[in-house]
Amino acid sequence: MLVNTARSSFAQSFFALLSVHAGTLLGGALLPIAMTRILGAEALGIFTAAASLGLLLLAIIDWGYETRLPLLVSAEPFHAARYLAEAQSTKIRLWLITAVLLLAYYGLQSLVLSPTVLLQSLHSSFLPLLLYAFWALARGMTGVYTATLRGLQHFGRIARIENSLTIAAHLLAVGVLVLYDAWGQGYFSPSTILCAIVVCLLAGEVVKSLLFMRFLKQHDIKAGNIAAAVGWREIPMLPSHLVFVLLQALSILQSRAGIYTLMALATTIEVGYFSAIARITIALRIVPGTLFFVLVPHFVRSPEPKFLGKVFVIGLIVGVLGSLGLAFLADDIVLLLYGAGFAHLAPVLRIAAGLFFLQTLMNILESYILAHNEEFFVSGAMLLILCTFALVCGIIPVKTAEWAAMASLSLEAALVLCYGVKVLLLIGKKKPL
């Protein structure tokens, strides 16, 4: 049985997890840049829409295990195989249910569309989405293995496999784009190339799962016979588990609220414009995003407001410097990454630069609240603010990348304000009467 008796230090855990995010960032940064330059903003918009829906599907089938599974495995490492099997079984069932609903939706849609429009829709948007649905399943299985290894504190193994395969898959996808640009434009359509790109990413997740599974099996940790597990009882439905499910789904919606809004209200090219800018702001979130995962246990062990104050001051400094630097260099960054044809997006980047500051503070505040077992408050607050956000965006309405950037700023500011008030209340309870 693979049980790590030596606890990883904070620095080792942080830098190993940071390297995973950095590897994902490196691979993910090259692909949209190459896609925008070779296929154009509209193709990037289709790809982003399919990827965003794929990530939402991933959040649904994950069923909160990304957060809960490491806790279960860490508490009972000798039962890791049982928890792993439960998570896999749940994810497969939920994926099958969601896939049936998705096919039913497109089946109903085919009844009202003409054959010509239907074929065009299937080739341009449905096939990339369908492939991303399979990617979500493969990524979900990879997530089971990585969550189990996080519970056993094997961050180094996660980093090596995740980084190498993520970079390799994205470089392969970029290679497909380069070959298409050099020789394939007369033979293949952009939609076909988009599908080939998703296949590259899907293959990367499949290989990751096989490598993680092999490593765990070598140490007598395996899922067992998933096919033999039947019945709805295999899907955890207790409120203590469902709150993590809701929290994860809401986090996906919150992080991509601007993209989802434009998908519903604007054109595909506006989605592409905003997603090009969002890629830059997301890139800067790897440090605060990593801090979130490592701050929660530290806040559990050190709940004193003094420790929170130190972290918050550091967050303020990093957030201000990051946002100001991004706004100041907006023109140069857009020109360097996307070329002169996208120079008009620099003002959008200057607006979106404030997201780094707000998201840094939000990650610190949210981790402190969750460390105090207030996950119901976090999910409830996020749900209320997202509903308000959707209502306001529909009334305005938000139809351009610039408006989407301003709306995203308002959303993050509302969350920071809400979380800040809650943290002050939690600190107030700790003070002696």
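Biologist: Which element gives the largest share of the lining of the largest cavity?
Modeller: The largest share comes from α10, which gives five residues to that lining. Helices here are DSSP runs of H or I with at least four residues, numbered from the N terminus. Before we go on, please keep in mind that this is a predicted model, in which local features need pLDDT of at least 70 and side-chain atom pairs count only at pLDDT 80 or more, while totals for chains, interfaces and linings use all residues. Residues are numbered from 1 along each chain as its sequence is written, and side-chain values use heavy atoms, with hydrogens and water left out.

Biologist: How many cavities of 30 Å³ or more turn up, then? And what volume has the largest?
Modeller: The search of the whole structure finds one of 30 Å³ or more, and the volume of the largest cavity is about 160 Å³. A cavity is a set of points on a 1 Å grid over the protein atoms alone where a 1.4 Å probe fits but cannot get out, and lining residues have an atom within 4 Å of a point. The points are joined across faces, edges and corners, and the volume is the space filled by probe spheres set on them.

Biologist: Which residues lie nearest its centre?
Modeller: Of the 18 residues that line the largest cavity, Ser255, Phe274, Leu355, Gln359 and Ser408 lie nearest its centre. Two or more lining residues come from each of α8 (239–255), α9 (257–265), α10 (268–283), α15 (354–371) and α17 (401–430).

Biologist: Switching topic, how many salt bridges does the structure hold?
Modeller: It holds seven, a salt bridge being a side-chain nitrogen of Lys or Arg within 4 Å of a carboxyl oxygen of Asp or Glu. One joins the side chains of Asp62 and Lys91, at 2.9 Å from N to O. That pair links distant parts of the chain, with Asp62 in helix α2 (residues 41–62) and Lys91 in helix α4 (residues 80–112), 29 residues apart.

Biologist: Is Lys91 buried or exposed?
Modeller: Lys91 is buried, at a relative accessible area of 1%, and Asp62 also counts as buried, at 6%. Buried means under 20% relative accessible area, exposed over 50%, and partly exposed in between, with a 1.4 Å probe and protein chains only.

Biologist: What about Arg139, which residues share its network of salt bridges?
Modeller: Arg139 is linked with Glu162, Glu205 and Lys208 in a network of salt bridges. The side chains of Arg139 and Glu162 meet at 3.2 Å, N to O, joining helix α5 (residues 115–151) to helix α6 (residues 155–184) across 23 residues of sequence. Arg139 also forms a salt bridge with Glu205, whose closest N and O atoms are 3.1 Å apart, and Glu205 sits in helix α7 (residues 190–217), 66 residues from Arg139. Arg139 counts as partly exposed at 22%, whereas Glu162 is buried at 4% and Glu205 is buried at 6%.

Biologist: And the largest nonpolar core, which residues touch the most other members?
Modeller: Among its 113 residues, Leu31, Met35, Phe47 and Tyr419 touch the most other members. Such a core is a set of buried Ala, Val, Leu, Ile, Met, Phe, Trp, Tyr and Cys residues joined through side-chain atoms within 4.5 Å. Leaving out residues up to four places away in sequence, Met35 touches Gly40, Ala43, Leu44, Phe47, Leu177, Leu194 and Ile197, contact meaning heavy atoms within 4.5 Å.

Technical notes: 1 Å grid on protein atoms, 1.4 Å probe; cavity = no way out; pocket = protein on both sides within 12 Å on 5 of 7 lines; lining within 4 Å.
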